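Visitor: I'd like a close look at a single part of this one, please. Could you walk me through the surroundings of the ligand, and then the aromatic rings?

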Amino acid sequence: MNSINTLLTRLDTFRTRVKINPYLFAFLLLTISMLIQSVLNTYTNQIDYSIFVICIFLTAWYGGFFPCIAATIVGFLLVDYYFIPPLHSILPKKADYVIAIIFLIEGILFGLMGEARIKRETELNKAYEAEQRARKDAEAANRIRDDFISMASHELKTPITSQKLYLQMVQKNVDLNTNPKLARYIRLVSTQTDRIVNLINDLLNVARIRAGKFVMHYTPTTISEVVYDVLQEIAPINTTHNIILKGHNTKSIEIDKERISEVLINLLSNAMKYSPEAEKIMLTITEKNKQVIVSVKDYGIGINKTNQKKLFTRYFRAEGTNEQKYEGFGMGLFIVSEIIRQHKGKIWVKSTEGKGSTFSFSLPIAKKAYQKIS
Ligand code: ADP
């Protein structure tokens with residue numbers, strides 16, 4: 001059964017690659033059948049119909065209905081007038097009609113079957129080619145969009161960075177205590193500038209990931225150190241939530257400290273953003289199976305099961321979330337998951353709609369640290 005399958009698959013490949021005319025194919029098969037039959041005839045003096053039946057079947061498989069009928073008729077004439085004595089007789093006998101009808105019925109059945117199969121296969125091929133074309137077009141469009149985003153972000157980064165620098169100089173050199181209004185304006189401009197800088201950085205990171213140029217720089221540190229630094233960094237921005245830290249881990253991990261800080265800042269910012277009514281956020285450090293695990297738990301809007309599956313894909317924003325209320329571009333978790341992936345860690349979410357979410361990630365503890373302790 002397997003060898004028949006292989007033969008038919010090879011025949012399919014042959015048809016798509018060599019594209020030989022089906023009538024010519026039938027003619028070649030019949031010639032081969034005739035040669036085999038001639039050789040057999042010298043030994044047995046008997047006709048072996050099965051050779052011609054196989055030949056007709058293969059023609060139906062290869063060429064469909066009409067080539068199969070042609071092969072049936074020619075096959076019958078060969079069998080009847082060439083091999084069956086009297087040789088080269090052209091006057092049909094009664095038995096010949098029966099054989100002819102059997103041959104024809106068989107030919108029609110094979111032909112119909114072959115035709116249906118070829119039709120289905122052609123349709124499938126067409127659908128496959130259309131899909132491939134659509135995929136290529138989409139990829140090309142994506143590439144153009146990525147290139148444009150990357151170029152625009154690079155162009156924007158320079159002026160916005162110098163704008164931020166000038167703002168810092170104003171904050172340092174102007175006595176803002178004497179002018180509270182000006183101080184407020186400068187604070188507002190500074191916040192907005194930070195948002196633009198963050199957006200540009202996200203866009204650049206996404207472009208780097210897409211281009212395979214998102215590189216990590218690993219150094220040894222501990223997760224507790226990273227967590228403390230991040231908590232200090234976000235304290236001035238966090239005016240709404242009480243972040244409660246539980247757990248501590250000082251085993252050595254080899255990480256890109258800046259990128260893992262970005263992961264934490266992103267998860268904490270999301271926890272704050274998507275739990276505006278809540279007051280606390282739980283930040284937990286644990287250890288399991290030679291991995292440190294960090295979890296950020298909020299008591300906010302939560303995420304339904306369908307959306308949870310797509311959270312870490314590019315530009316994904318959960319449907320049903322009030323998009324006006326919660327600003328964002330759906331890049332953060334995509335970048336976060338890529339950072340964790342490159343660290344050979346894992347990221348996952350547990351969430352109940354209306355109750356809150358827990359985002360966790362794991363990072364492998366450095367082998368050396370483990371060997372030292374055990
Ligand atoms: P952004 O927040 O900028 O839209 P993210 O990639 O950080 O992009 O998040 C993707 C989506 O996941 C968000 O739009 C939001 O719908 C959902 N999400 C992320 N974090 C939370 C959270 N803590 N609670 C509820 N929804 C969240």
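To start with, how many nonpolar, polar and charged residues does the shell around the ligand have?

Guide: Bear in mind that this is a predicted model. Sorted by class, the shell around the ligand holds 10 nonpolar, 8 polar and 3 charged residues. That's 21 residues surrounding the ligand, and the closest are Asn 270, Tyr 274, Asp 298, Arg 317 and Leu 333. As for where they come from, α8, α10 and β7 (356-364) each give the shell at least two residues, with α8 providing the largest share, 3 residues.

Tyr 274 places a polar side-chain atom 2.8 Å from an oxygen atom of the ligand. On its own the ligand has 530 Å² of accessible area, and the protein covers 96% of that.

A pair of aromatic rings is described by the distance of the centres and the angle of the planes. By the pairing rule, the count here is 6 aromatic pairs. One of them is Phe 57 with Phe 110, an edge-to-face pair with 5.2 Å from centre to centre and 75° between the planes. This pair links distant parts of the chain: Phe 57 sits in helix α3 (residues 49-63) and Phe 110 in helix α5 (residues 94-173), 53 residues apart. Phe 57 is partly exposed, at 23% relative accessible area, whereas Phe 110 is buried, at 19%; the cut-off for buried is under 20%.

Back to Tyr 274: its ring centre is 5.1 Å from that of Tyr 326 and the planes are at 40°, so this pair is tilted. It, too, links distant parts of the chain, 52 residues apart: Tyr 274 is in the loop between α8 (257-273) and β4 (280-288), and Tyr 326 is in the loop between α9 (305-310) and α10 (332-342). Tyr 326 counts as buried, with a relative accessibility of 6%.

One last stop, at the phenylalanines again. Phe 57 and Phe 110 make up one aromatic cluster together with Trp 61. Over the face of that Trp 61 lies Arg 117, 3.6 Å from the ring centre.

Definitions and conventions: Residues are numbered from 1 along each chain as its sequence is written. This is a predicted model: local features need pLDDT of at least 70, side-chain atom pairs count only at pLDDT 80 or more; totals for chains, interfaces and linings use all residues. Side-chain values use heavy atoms; hydrogens and water are left out. Rings of Phe, Tyr and Trp (its six-membered ring) pair if their centres lie within 6.5 Å; planes under 30 degrees apart count as stacked, over 60 as edge-to-face and the rest as tilted. Helices (H or I, at least four residues) and strands (E, at least two) are DSSP runs, numbered from the N terminus. Buried means under 20% relative accessible area, exposed over 50%, partly exposed in between (1.4 Å probe, protein chains only). A charge sits over a ring if NZ of Lys or CZ of Arg is within 6 Å of the ring centre and within 35 degrees of the ring normal. A residue is near a molecule or strand if one of its heavy atoms lies within 4 Å of it. A polar contact is a pair of N or O atoms within 3.5 Å; within protein, one must be able to donate a hydrogen and the other to accept it, and residues adjacent in sequence count only if both atoms are side-chain atoms. Accessible areas come from the Shrake-Rupley method with a 1.4 Å probe; for residues, only the protein chains shown count as cover. Ala, Val, Leu, Ile, Met, Phe, Trp, Tyr, Cys and Pro count as nonpolar, Asp, Glu, Lys and Arg as charged, and the others, Gly among them, as polar.
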